[in-house]
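Please look over the sequence and the structure shown here before reading on. The report below is meant to be read with the model open beside it.

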Amino acid sequence: MELFGDYFKQLYDTSGWNFVIFYDQVEWQRFVEAIWTTIKLIIACLIFSLIVGFVGAWAQGAQSKIVRNVIAGYIQFFRNTPPFVQILFFYFVLGNLTPSYDAGGYQEAYIGSFGWAVISLGFFAGAFNTEIFRSGIEAVPESTVEAASALGYTRLQSYIHVVFPLAFRVCLPALNNNLVNLLKTTTLAYGIAVPEMMYTANQIWSDNVNVPEMMIVLFFFYVGLVAILVYGMSRWERSMKIPGYG
Amino acid sequence: MASPSQSGNGSGTNWTPDQPMVSIKDVHKSFGDLEVLKGVSLDVMKGECICIIGPSGSGKSTLIRCVNALNDIQQGSILVEGLEVNDPNLDKLELRKKVGMVFQQYNLFPHKTAIENIMMAPITVLKQDKDEVAEHANSLIKKVRLEGKENSYPGELSGGQQQRVAIARSLAMSPDVMLFDEVTAALDPETVKEVLNTIQELAEEGMTCILVTHEMGFAREVANHIYFTDFGLIVEHGAPATFFDDAKDPRTKEFLSQIL
Ligand SMILES: Nc1ncnc2c1ncn2[C@@H]1O[C@H](COP(=O)(O)OP(=O)(O)OP(=O)(O)O)[C@@H](O)[C@H]1O
Ligand SMILES: [Mg+2]
């Protein structure tokens with residue numbers, strides 16, 4: 001660590017490239033915290049969007065026309081408006097309407113900026129996940145579903161144990177794309193001051209006037225994260241591969 | 001496992017084994033404008049094995065799919081152990097616990113192994129104890145002669161093996177009636193026999209069976225009664241000996257002359 005820091009200090013002194021986060025203890029601390037916040041944000045958004053997709057795709061197959069229309073409206077809304085506008089809307093409009101509590105002299109909202117980022121980005125990606133899962137569900141043969149009902153499965157049981165597991169495998173490539181997209185879109189959380197990497201980088205370059213350096217760091221950071229996600233997804237895909245199927 | 005007369009409640013309670021286990025009366029079924037069943041009636045007693053034969057499109061599949069409510073009917077009545085299938089408030093689970101079904105295309109769950117396919121429904125649907133289900137499943141694996149294939153996925157099994165898993169999967173629910181819809185039609189001639197043997201054993205053990213089949217030799221040997229359908233009607237029926245050797249209706253005769 002010492003050597004590493006010295007190298008970047010040296011680099012700054014000799015060439016002017018200021019990777020301040022690698023030799024300044026305070027900035028390094030900021031950077032590390034941003035890494036954790038970003039990872040937590042991404043994981044929360046991924047999980048929430050998958051749950052939304054799972055439930056949404058289920059509800060799309062509902063008997064009730066009202067339920068189906070609500071889902072269709074939800075998808076249209078989130079697909080056809082900018083995610084940045086969505087996140088601002090959630091935080092500033094819905095955030096104002098939700099209750100807050102007295103935190104010793106000032107009002108603290110129950111759902112903070114991190115929470116709103118997860119909710120809005122989760123719904124945003126969830127709209128796409130719903131569509132993706134639905135396309136997977138359509139690929140599950142009607143006869144397989146029928147076999148489940150003949151065995152006494154309810155529609156929900158058959159969705160959980162038969163339809164979804166099969167649909168999920170079919171739509172993994174499309175899901176992969178959308179989750180990578182979601183990962184990248186989490187940078188929009190800087191708009192509502194979630195201290196994730198984009199926001200923190202912005203603060204660091206404001207304090208240190210090292211925009212190009214921090215940009216480079218940002219690129220490498222997100223390339224690394226996407227690589228990890230893609231690797232994880234392909235591992236998952238392989239572990240779910242069914243012998244003798246597809 | 002409750003005995004048939006005890007299982008079920010509501011409309012199913014007054015059934016006794018001296019009444020038909022499945023009683024189909026004047027069933028009409030249309031798909032849109034197409035009337036596929038035009039008043040079909042037949043009874044199946046407990047322990048009986050009946051075969052439905054007839055030309056393609058005559059409504060055989062439609063009929064047996066009505067018995068476990070995979071198809072609804074427009075008119076008539078189907079009683080399974082006294083449970084009325086043509087009832088908007090039908091408890092489908094109650095019906096499907098009584099009626100097992102095996103399909104032409106096996107329709108196994110491809111993401112589960114053979115043994116998991118067999119164990120899934122009793123655990124999920126009947127909420128039975130896992131260990132008991134596993135024990136039952138293993139005995140069923142033996143029954144259909146698939147020892148050693150427990151952990152194979154459907155995609156790794158031959159058609160005949162898959163179909164025997166499908167039979168075991170259905171039996172795991174301990175049904176009182178089994179429906180078989182041309183279960184050997186998708187199989188190689190060599191594997192047809194192993195599946196038919198399994199069904200024959202079941203029938204001999206006293207399982208009530210309704211079969212749609214093109215295997216006339218099998219029907220003659222195993223069935224108690226043969227029904228011949230054409231254009232949505234039962235044209236002729238009888239015990240195998242009379243039916244095959246002494247058919248009365250010209251349509252039956254023509255069909256038999258083509259197929260035998
Ligand atoms: N879901 C459906 N929608 C519309 N028509 C259907 C449907 N299922 C069956 N039919 C029609 O009903 C008629 C009877 O079909 P069914 O499958 O019962 O015949 P089958 O006697 O089983 O014939 P096969 O020996 O070819 O299996 C056919 O004309 C078929 O086209
Ligand atoms: Mg058929």
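The model is a predicted one, and the values given are computed from it.

**Chain A in outline**

Chain A contains 10 helices and two strands, and along the sequence these elements follow the pattern α-α-α-α-β-β-α-α-α-α-α-α. Taken along the principal axes, the C-alpha atoms of chain A fill a box of roughly 75 × 50 × 30 Å.

**The four-stranded sheet of chain B**

In chain B, four strands form an open sheet with the order 2-1-4-5, and their pairing is antiparallel. At the edges of this sheet lie strand 2 (34-44) and strand 5 (83-84) of chain B, each of which pairs on one side only. Strands of a sheet pair through backbone hydrogen bonds, in either the parallel or the antiparallel sense.

Strand 1 of chain B, which covers residues 22-31, is joined to strand 2 of chain B by eight bridges, and the two run antiparallel. Two residue pairs illustrate this pairing: Lys29(B) has Leu37(B) as its bridge partner in strand 2 of chain B, while Ser30(B) stands opposite Glu35(B) in that strand. The hairpin made by strand 1 and strand 2 of chain B has two residues between the strands, and in this hairpin Gly32(B) takes a positive phi near 60 degrees.

Strand 1 of chain B also pairs with strand 4 of chain B, in the antiparallel sense and over five bridges, and here Val22(B) stands opposite Val80(B). Helix 1 of chain B, residues 60-67, lies across strand 1, strand 2 and strand 4 (75-80) of chain B, and it runs at about 60 degrees to strand 2 of chain B.

**The six-stranded sheet of chain B**

Chain B also has an open sheet of six strands in the order 6-7-8-3-9-10, in which the pairing is mixed. Its edge strands are strand 6 (99-102) and strand 10 (233-238) of chain B, each pairing on one side only, and the twist from one strand to the next averages 20 degrees. Within this sheet, strand 3 (residues 49-53) and strand 9 (residues 225-230) of chain B pair in the parallel sense over four bridges, with Ile226(B) in strand 9 as the bridge partner of Cys51(B). Helix 1 of chain B packs on this sheet as well, touching strand 3, strand 6, strand 7 (177-181), strand 8 (208-212) and strand 9 of chain B, and its direction makes about 155 degrees with that of strand 7 of chain B.

Which residues of chain B are found around ligand 1? Among them are Phe31(B), Leu34(B), Val36(B), Pro55(B), Lys60(B), Thr62(B) and Glu182(B). By class, the shell has four nonpolar, six polar and two charged residues.

| Residue | Part of the residue | Distance to an oxygen atom of ligand 1 |
|---|---|---|
| Gly57(B) | polar backbone atom | 2.8 Å |
| Gly59(B) | backbone N or O atom | 3.0 Å |
| Ser61(B) | side-chain N or O atom | 2.6 Å |

Taken alone, ligand 1 exposes 630 Å², and the protein buries 58% of that. Strand 2 and helix 1 of chain B are the elements that give two or more residues to the shell around ligand 1, and the largest share, three residues, comes from helix 1 of chain B.

Definitions and conventions: Residues numbered from 1 in each chain as written. Chains lettered and ligands numbered in written order. Predicted model: local features only at pLDDT ≥ 70, side-chain atom pairs only at ≥ 80, totals over all residues. Heavy atoms only, no water. Pairing = 2+ DSSP bridges. Contact = heavy atoms within 4.5 Å. Axes fitted to C-alpha atoms, helices over the stretch in contact; angles between N-to-C directions. Near = heavy atom within 4 Å. Polar contact = N/O pair within 3.5 Å; in protein donor to acceptor, adjacent residues only side chain to side chain. Areas by Shrake-Rupley, 256 points an atom, 1.4 Å probe, with all protein chains shown as cover. Nonpolar A, V, L, I, M, F, W, Y, C, P; charged D, E, K, R; others polar.
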